[in-house]
Structures are given as C-alpha cells and as structure tokens.
Amino acid sequence: MSFVSFEFGIFLTLVYGAYWLLRRRAWQNAMLLAASYVFYGYIHPWFCLLLATSTVVDYLCGWGMVLYPAWRRWMLTASLVCNLGMLGFFKYFDFFADNVAILLGRAGMHADVFTLQVLLPVGISFYTFQTLSYTIDIHRGETHPRKNFVDYALYVAFFPQLVAGPIERAKRFLPQLESRRAWRYDDLAAGAALIVRGFFQKMVIADNMAVYVDKIFMLEAPALSLLLAGTLAFAVQIYTDFSGYTDIARGAARLLGFRLVENFNSPYLAVSPSDFWRRWHISFSTWIRDYLYIGLGGSRLSSWWAQLRVLLVTMGLAGLWHGAAWHFVIWGLYHGLLLFTYRRLGFGGRWKPVTALGHAAAMTLMFGFTLLGWLLFRTPNMGWLVSALTQPAWGFSGPSGMVCVVVLAFTVLHTTPLLVLHALDRWFPNTRPLHAAFHGAALVAIIVFFLDSQQNFIYFQF
Amino acid sequence: MLNRALTIAIPVLVLLVAHLVLGAPRRAGVERDGRVNPDLRERVEAEQPELIMLGSSHLNCGFDPERYTALTGVKTLNLATPGANTAWHYVVLKNCILPASHHPRWVGIWFIDTDLTQPDLGTRGWFKQFIDRYATRDEPRLDRLAYFQEANPLSRAMLHYSSLYQRRGEVRDKIESEVKRAAFLGRVPQAHIDEYTRRVFAEDRLVDDLASLRQLLAEEERTHAHFADSVDESFLPHLLALAEQGGMRLFFVRLQVRRDLRETAASDGLEQYMAALRAWLEVRGVPMLDTTGRAPLGMEDYGQGNHLTPEGMAKLTEWLATEGGLPDLLRERADDSLP
C-alpha cells in the first residue's frame, strides 16, 4: 500500500481510531501488528511470508544465543544466512547470473544462464537490516532477546517504517513498543504536521521534478548543460522524495505515540563526505558504520591501504544495497574514495571549517561532489553516462540551452519552499503561527500541484 | 490553548483564502458551448464513404485513404484530429456519423496499445477543444468517463466543491508560464520555449535502450494495462453500441510504434492486455487488425515520435490493402451479414 493513496488515508484513520480506543498496550501492539501485515500484504500477500520468516528466525536465533551460549556464533550465522540469503536471492540472483554469463562469454564460453525474474519484495532491504541489528546487538550483548513475540514482531513489521525505513535499532525502538502510551494532543499535532510536510515534499516537489529528470535521463545524447540541470533537479528530487517519505513515516508513528529516528539533517549543507553521511539516510549510514565498517577495522586501521580497502568495501556494499546494478556499486565506491581522500587530507571525521568563507567553500565543494555522485546514481547505465559526458557540445545555446534554463528555473521554484522550511525550523522553531501558515500553504500547493499519475517513492525499489 | 487553536485555524484560513480568491466552485459539469460543428457530418454526407477511419494524427500520417481507395476500390475517408482518442471517437460517432444521412459500411478505429481503455486520454488542456467541437451541452457519459472518473471519493468530492481543485490546471499553467517568462526576463515568447522543449524531448531523440523504455511501459501498465478492470469504465462498449445502432461494422487497427521494432519490446503485462482485448472483441464479433510485428516498417519510416514519414505511410497503406489483409477482413465481415 502506497503512502500517497486514498487507501492509506482510510487505513491510517481506522488504525488511529482503533488504536486509541484500545486502552491496553498489549492489545494496541497486537492490533498494530495485524494492521502492519495488512499494510504489507495489500498488493502481494505472499510478501508477508518472507517477513514472517525473517521475524521467526531472528526471534529464535536471539533466544538461542542466550539459552545456548556455546552456539552463539552459529545462531548469529543462521540469522545472517537467512536474512542475507533472502535479500541475495530476491534482489541479486539475476544480477549475478547475468554477470556470470557476461564473464563466461568474454572467456569464450557460451552460458545459458538461468535467471529467475522474481518480483522484488518491497522493503526487504530495510526489514532484513532491521532484524539483523537485533540479532547482532544480542550477540554483542548490547540488548537482550524479547520474551513477548508480538512486541518483537511489531518491531520488525511496524508499518510506518517497514518498506523504506528509517531503520530502527532494537535498543531504541523496542523500549517504546514495550512502554505504555497515552494519547496526547502534541503527538497528534506534530504527527499531522510531519505528514503534511511529507506529502508536500513528495507530491509537490519530488514528483514534479521527476517529470524533467526522467525526460533528461532518457535522452540519447543530452547536452552537458542539460545533464547538469537534470542532475541538479535529481538532487532535489531524491532528497524530497526520500525525506518526504520519512516525514510521512515519522508522522504516522508519532500519531501512534512513537518517535522514529530522524533520517535527514540538511544533507546538502555538509562540508565533507563524513559530514554528508552523518546527515543523509542517517539510519542506514549508522547501520553500515556500526555493523560493517567498525567490524572491518574502521578508523582504527593505521595503514592507508587498509583504510582505503575498508572504506571501498563498506561503501561499495552500501552502493550495492541500493540496487543490483554496477552504477550503484560505482556510486558507493565513489563515496568510499571521497571519504578516504578527505581523511588523508585531514578533513575527515568531525572536521569543520573555522571561517564563514571556508565553510561556504567547503559546502559548495561537497555539494559539487554530491552532484557528481547523483549523476552516477541516476544514470540508466555506465555506457550512457560515458557517452553523455563525452559530448562535445555544452549546449548553452539553442534548444538545449533554453530547456536547461527552464529546468533550472523550475528547480529554483521547487527548492524555495525547502529553504523557507529550513529557515523556519532553524530560526523560528517555536513560532507555531508561522509553521501553521506554512502547513496551510503546503496543503494549497498539494491540491494544485499533485500529479494525476503518482510516482512511486524512489527508495521503495530498494 | 491559543497556540493549539492557531495551529488548526491558520491552515484552515489559508485554504479558505485560496478558495475565495478563485471564486465559488463551478457547476459540476464540463463547460462547453454545446454547438456541434457540422463539418464532419457534412463531409460524410458529401463524400459518402464506404469505410471511415477514425484516429489521431497517427492516422493522418499512417494511412492514405485515396491510395487505399485506388488500390481496393473501397471509398475511404479519414476523420482525424490531433490527440484524438476514444472520447473523440465517441462524440464523432454519436453526433456526426450517426445523425448523417449516409452511414458507412465500416468504421475502423486506430489505436496504440492500451489507448482504448483510457477514457480520459486526449480530453484535457489543448485537446479539449476538439472534443467540445463535436459534443452537445449535455453529455453525461462523456463527462463521467472522460472527466469525472476520479479514482476515489475524496477527489470526487473536491471536484464538486473545491474551486481550487477544479481550477488547479489553470493555476498550474499560470505559474508555469510565469516561471518561464521570468526565466528569460520576458524576452522569449512561451510558444518558442514550448516548441524548443518539444524538440529537445522528441521521441526520436530518446535513448534507444530497452530497459529505460520498459520502465516507462511498466509505469503505464500499472495504471492502464489491466483490461478487465478498465473496459467497463471506458468508451469501448459504447463505441460498439453506437456502431451497431447505425448498422455499421466496427473494427480496430492497432498501430505499430517505434518501441515494437526493438527486440523483445513487448512486456508480459502488455501482451496479457492485448490478449484480453482480442478475446473481448472476438466474443462480440469485432475484428482487430494488429500491425505490430507484421507491417513492413523500419525505423527509417518513422518521423516525429510514432508518426510515419510519407514513405512509411505509403508502405503501410499498400500493405494494408494487400498482404495486411484489410480487404479480406472487411469482406469477411460483410459476409456475416448475409442470410
């Protein structure tokens, strides 16, 4: 079920009403669990089987680690194999099969490689990571297995964040599920505000930017100026699409008395790659840091080669998580290289410029690097990108130049409300009338600008 | 308490002001003058064709009626207008061909892929004028299928009671034109900007990459490809009924498009849709001639988008008149009517 659908509006209203009518926490959690499975299985009911499998396996593995300490490592391995196995099978089988065929073909062997063409279950990349964090944290002794299966199952399947995050940690979210909740007006107001913001970002900004972005990235030989404009528009699109989804998720959770982790913190204001990854898809980047990067040695590694290797492996896998295609891997490797380079130059970690001019310069440079990364991310394939970048003409004049100006103008138009929102949150965080006026204007914009054919959230495909 | 009240009151006030600025909601109906232009009816009466082809600019660029007449001896007439789809075919059949003193024996409707079950296609914006030209003031079926088939109760309610929702197209167009004007400091007319945009994004400049196009197709399929779900709320059954009412034999011609010339172009969803459409038509005795994969057209025969070049049109017309089997199809259907 998509967030931007009438069905979801009805669903959320019914869940909200039923939830707060139920007084007991246990009943509320059971109802939410059932609702979450209805939400997830709305289009493809068999997806629920995968979700349930991951849930049951990790619940048992969690208890297995505590009850049979000698088998802890095996239990963790079982959890990893099950979750990563499911993820690998549904998401990467065809990718690897196709690449094996290509390699064999280059070696002169014809291979009739079998591909499955299976449907990718929505959200599998997110909930498998979420359940893995539970078992890994138990193994590390950072949390304990839960007796109440319903509470734990709800932690895995909680519908606001099930299909595209934020990826919640057990030690942060399970205590909320295990606590009593009381209806509060502030939760209703904050939740509604987040939902309005989310819909505004998605339906007004992201979907309308997508119209131009999709057209530009479908051209056989776009002029370089148009490619630049399209990449800039994509930067706005992907941010507002994902941030919008996250706000809707957080808003829906807030209506139910839960606080999900923030996933974005003005990422385009980052001054370095490390800063960027502390601001962009925070729940994912911290997951990668805590469970992969640190496990591989992290920043404790002394030799430059070891540091580079670990960063490339971590970020390459992060790129692969986003999609079964080489340009996602290259995007990840690109960010790994950026992180390494900045670190070697002394601008890694928590480095921040001292002067305002330095800050502006660092921010501008990092935004340029981010744009280049988005170009790698959005490109249909690497062949297209190489062809596009080797175009002789910048195309500043003529039709391409004119369209470039149009795209830039619309990008500025759609970015302006984001700047207003950022200013409101930064300088007037407690001035409710101003925020209320923004929400009113956002509702007007939603009615005017929403497209008749809605685009899916970008991160739904991951 | 005051803050809470303001948190609710201010957004409501903003919405109210936005509605008031645009005025009261219009009557829940489509605005049109209701005068049916007699030009098409007069053409049909004057030329008395045996075969009328209905379609859009793809028809005008794809089928030469005079050449077909010369090859087959069947007097043929094209009735086409830019962007025409089933809503236009419906009003033309109902208000121009049916009332005419002469009825053709056959009416052929040209379409692309899933057009036949997209009743709102070619009915809005610039294309609306072509529908209005042949629609009476009172067209409940046209309005319901083409303009008021909103997906959910909220949209339907807003369509009736929200002036902002009713006029959002105009508001969007106004904002868009202001942005374009401001981008060029008012020095470039919007018509030039729009023309350059069309040129830059013309379909023959799109990447010849199947994956990207399949993605687009998949998007379209999610909305339109489920034939069984959409046929009852389309003009298709009504086109058949109108043709039968006038004693005319209806048939459909599916146009081959550029995408079909690429390897493994059709997706499973589209193939299923076409199979369902064929079966539905067959049960009702309505033939469909599918040029996809059969017409002797290459990429060089396509000009702008899916429109054929003059050479492509000649090729297709000749093929339809001979190997394509159109005369046999019409003869066969004519025989159906013999005792």
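**Reading contacts, pockets and backbone in a predicted model**

Student: What separates Arg41(B) and Glu45(B) in helix H2 of chain B?

Tutor: About one helical turn separates Arg41(B) and Glu45(B), because they are four residues apart in helix H2 (residues 39-47) of chain B. The model is a predicted one.

Student: What makes Arg41(B) and Glu45(B) a salt bridge?

Tutor: The closest N and O atoms of Arg41(B) and Glu45(B) are 3.4 Å apart. The rule asks for a side-chain nitrogen of Lys or Arg within 4 Å of a carboxyl oxygen of Asp or Glu. The pair Arg41(B) and Glu45(B) therefore qualifies as a salt bridge.

Student: How many salt bridges does this rule give over all chains, and how many between chain A and chain B?

Tutor: Over all chains the count comes to 32 salt bridges, whereas between chain A and chain B it is zero. Polar contact between the two chains amounts to one residue pair, with both residues at pLDDT 80 or more.

Student: How do you know which residues of chain A and chain B are in contact?

Tutor: Contact requires heavy atoms within 4.5 Å. On that basis, 34 residues of chain A are in contact with 41 residues of chain B.

Student: What area is buried between chain A and chain B, and which residues of chain A lose the most?

Tutor: The area buried between the chains is about 3,700 Å², and carbon and sulfur atoms give 77% of it. In chain A the greatest losses to chain B are those of Met218(A), Met402(A) and Ile447(A), together 18% of what that side buries.

Student: Which helices supply the side of chain A that touches chain B, and how do its residues divide?

Tutor: Helix H9 (185-216), helix H17 (398-427) and helix H18 (432-449) of chain A each supply at least two residues. H18(A) gives the most, with eleven residues. By class, that side of chain A has 26 nonpolar, four polar and four charged residues.

Student: What space lies in the second largest pocket, and which residues are closest to its centre?

Tutor: The second largest pocket holds about 1,700 Å³ of space. Its lining has 48 residues, of which Arg197(A), Tyr239(A), Leu421(A), His422(A) and Asp425(A) are the closest to the centre. H17(A) gives the most to this lining, with ten residues. The lining residues divide into 23 nonpolar, 14 polar and eleven charged.

Student: What kind of peptide bond joins Gly165(A) and Pro166(A)?

Tutor: A cis peptide bond joins them, with omega about 0°. Pro166(A) is found in the loop between helix H7 (159-162) and helix H8 (170-177) of chain A.

Student: What is the phi of Ser266(A), and where is this residue placed?

Tutor: Phi of Ser266(A) is near 45°, a positive value in a residue other than glycine. Ser266(A) is in the loop between H10 and helix H11 (273-279) of chain A.

Terms used. Residues are numbered from 1 along each chain as its sequence is written. Chains are lettered from A and ligands numbered from 1 in the order in which they are written. This is a predicted model: local features need pLDDT of at least 70, side-chain atom pairs count only at pLDDT 80 or more; totals for chains, interfaces and linings use all residues. Side-chain values use heavy atoms; hydrogens and water are left out. Buried area is the accessible area (1.4 Å probe) that two parts lose on being put together, summed over both. A polar contact is a pair of N or O atoms within 3.5 Å; within protein, one must be able to donate a hydrogen and the other to accept it, and residues adjacent in sequence count only if both atoms are side-chain atoms. Ala, Val, Leu, Ile, Met, Phe, Trp, Tyr, Cys and Pro count as nonpolar, Asp, Glu, Lys and Arg as charged, and the others, Gly among them, as polar. On a 1 Å grid over the protein atoms alone, a cavity is a set of points where a 1.4 Å probe fits but cannot get out, and a pocket is an open set with protein on both sides within 12 Å along at least five of seven lines; lining residues have an atom within 4 Å of a point. Grid points are joined across faces, edges and corners, and a volume is the space filled by probe spheres set on the points.
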